[in-house]
Amino acid sequence: MNGVRTRYGASKSPNRTDRQLNGHANPRQEESPSDQPKENVFLFYPNIIGYSRIILAIASLYYMPLHPRTCSILYSVSCLLDALDGVAARQFQQSTRFGAVLDMVTDRCTTSCLLVFLSSAFPRWALLFQGLISLDFASHYMHMYATLAMGTSGQSHKKIDQGRSRLLHLYYNNKNVLFVFCALNELFFIALYLLSFSSPILSPSLLPSDNGPASSSQPGTPANPSSLLFATPGSAWAMELARANKMDSFWPWVFAAVSFPVMAGKQILNIIQLVKASKWLAEGDIEARRAQGLPKKK
C-alpha cells in the first residue's frame with residue numbers, strides 16, 4: 001500500500017531516483033523488515049573471537065600458579081586477539097554494542113585476575129596492585145556510564161570529543177596508539193609475573209637455602225608440597241618448579257623496563273578518564289537541576 005512506510009521512512013513506491021538510473025529503470029527495491037535475513041548477534045565473528053579470548057584467559061588462570069611459560073603464552077594470545085575482533089567487526093560489518101561491552105569486560109577481568117596473582121606474589125606491593133585494579137574498573141565504568149547517560153543515542157565509549165580531552169581523543173581514535181598502550185600495559189604485568197618465578201631480587205624464595213634447593217614458597221604454589229595433590233618429588237608440580245627456578249630473568253627484566261613507561265602512561269590516562277567522566281556527569285546534573293528549577297526558592 002502507498003501509505004505503508006519502510007524502516008527508513010521512505011514509501012515503498014519508488015521515487016524518481018529509484019525509477020530512473022542513467023536513463024534506465026532501477027530494479028532495486030527496498031526490502032521490508034520481514035524480508036531481511038535474521039541475525040544472531042551472539043554468533044557474529046567478532047563475538048566468537050571474544051568467547052575464545054575468555055576460554056584462553058580461563059586456561060591461563062588454570063596454569064598461572066605453577067606453569068609460567070604456558071600461562072604467559074595463553075594469556076598473551078588472549079590479549080592479542082583483542083585487536084583481531086575489531087578488525088573482524090569492521091571487515092564483516094558486525095560492530096555491536098554487545099561486542100563492545102564483551103570486549104571491555106574481558107579486558108577488565110583478565111587484567112584484574114593477573115593483578116590479583118601479583119598481589120599474592122609480591123605482598124609488600126599488594127596495596128599498589130589493588131589500587132590499579134580499582135582505578136581500572138572505576139575509570140572505565142564511570143566513562144562508560146557517562147557516555148551512555150550524556151552522549152548521543154548509540155554513541156560509542158570510544159568516540160571522544162577532542163574538546164573534552166585531546167589525550168583521550170588520541171588514545172581512543174588512533175588505533176596504533178590504542179594498541180601500543182594496551183599491549184605494553186599487559187606486557188609489563190606479564191613480565192612481573194615471570195619475574196616472580198625467575199628473579200631472586202623480587203622473589204627471595206628463589207634463593208637456595210642451606211638445606212638444599214630453593215624454597216618451595218613460590219608465589220601461588222601450595223604451602224605443603226607433600227599434599228595428596230603433589231605427593232611425590234617427581235610430580236609435575238615439582239618438575240615445573242625446578243624448571244621455573246632455572247628460568248632466565250633477563251628477558252622479563254627487559255620487557256618490564258621497556259613497557260613500564262607506557263604502563264605508567266596508561267594509568268595516567270585512567271585517572272584523566274575518571275576525572276573527565278566525573279565532570280561530564282556533574283555537568284549533566286547541573287543541567288537537569290536547572291531544567292527542574294532547582295534549587296527552588298523558599
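Mentor: A contact here means heavy atoms within 4.5 Å. The model is predicted, so local features need pLDDT of at least 70 and side-chain atom pairs 80 or more, while totals for chains, interfaces and linings use all residues. Residues are numbered from 1 along each chain as its sequence is written, and side-chain values use heavy atoms, without hydrogens and water.

Trainee: Among contacts in the protein chain between residues at least 6 apart in sequence, what percentage join residues at least 24 apart?

Mentor: The count is limited to contacts whose partners lie at least 6 apart in the sequence of the protein chain. Of these, the share joining residues at least 24 apart is 68%.

Trainee: Which helix supplies the largest share of the lining of the second largest pocket?

Mentor: A pocket is an open set of points on a 1 Å grid over the protein atoms alone, where a 1.4 Å probe fits, with protein on both sides within 12 Å along at least five of seven lines; lining residues have an atom within 4 Å of a point. Among the 15 lining residues, Leu 128, Phe 129, Phe 188, Leu 192 and Phe 260 are the closest to the centre of this pocket. Helices α5 (126-150), α7 (175-198) and α9 (250-291) each supply at least two lining residues. The largest share, six residues, comes from α9.

Note on methods:
Helix = DSSP H or I, 4+ residues; strand = E, 2+ residues; numbered from the N terminus.
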